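Take a look at the model below. The text after it goes from one chain to the pair.

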2 protein chains.
Amino acid sequence: MTIPAHRRAFGEHLRALRQANGHASQEAFAHHVGLDRTYISGLERGARNPTLDVIVKLARGLDVSPAEMLATIDA
Amino acid sequence: MTIPAHRRAFGEHLRALRQANGHASQEAFAHHVGLDRTYISGLERGARNPTLDVIVKLARGLDVSPAEMLATIDA
């Protein structure tokens, strides 16, 4: 299954924000935001299609704006 | 059912972007982006929880960046 470019970009940016935010492991970050580690892993690989509710939850866990979560996705 | 603030903000901004983009009716815009009119109506009322794929599709239909779609949602 080819991964759409916007999901790949979202996942790579999520990983970069997570690491920059001091959450070295997906496990710790998953616990911090109340999501499952395997779901975080899937998001970062571009294998999942998160909803607005999830994007806002991730943004709050990373202390960034929801818009920042999509900042690297081209129009 | 109380509508979460971030879904309300998303819906209001979607409506404003749609109207600013010249799509006077939800019907015309729904056709333009290949989505159902009732789904667009639900999004604008904050009654739906769109996925990343849908947010990107809406952004392209409105000629704005995906991040702009979330610009009015507070962190």
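How far apart are the end C-alpha atoms of residues 14-69 of chain A, and how much of the span is helix? This is a predicted model, and in it those end atoms lie 7 Å apart. The span is 68% helix and 0% strand. UniProt, in an unreviewed entry, places the feature "domain: HTH cro/C1-type" at these residues.

Now go inside. The largest nonpolar core has 46 residues. A:Met69 and B:Met69 have the most contacts inside that core. Follow B:Met69 to its neighbours.

A rotation of 180° superposes chain B on chain A, with 0.0 Å of shift along its axis and an RMSD of 0.0 Å. The two copies are therefore related as by a two-fold rotation axis. The same surface serves both copies, as 100% of the contact residues of chain B recur in chain A.

What does the contact take from each chain? Chain B gives 20 residues and chain A gives 20 residues. The size of an interface is often given as the accessible area lost when the parts come together. Here chain B and chain A bury about 1800 Å² between them. Of that area, 66% is on carbon and sulfur atoms.

A:Asp53 forms a salt bridge with B:Arg7, and their closest N and O atoms are 2.5 Å apart.

How values were computed. Residues numbered from 1 in each chain as written. Chains lettered and ligands numbered in written order. Predicted model: local features only at pLDDT ≥ 70, side-chain atom pairs only at ≥ 80, totals over all residues. Heavy atoms only, no water. Least-squares fit on C-alpha atoms with pLDDT ≥ 70 in both. Contact = heavy atoms within 4.5 Å. UniProt positions renumbered as here; feature names shortened; annotations may be inferred. Helix = DSSP H or I, 4+ residues; strand = E, 2+ residues; numbered from the N terminus. Core = buried A, V, L, I, M, F, W, Y, C linked by side-chain atoms within 4.5 Å. Buried < 20%, exposed > 50% of the residue type's maximum accessible area, 1.4 Å probe, protein only. Buried area = accessible area lost by both parts, 1.4 Å probe. Salt bridge = Lys/Arg side-chain N within 4 Å of Asp/Glu carboxyl O.
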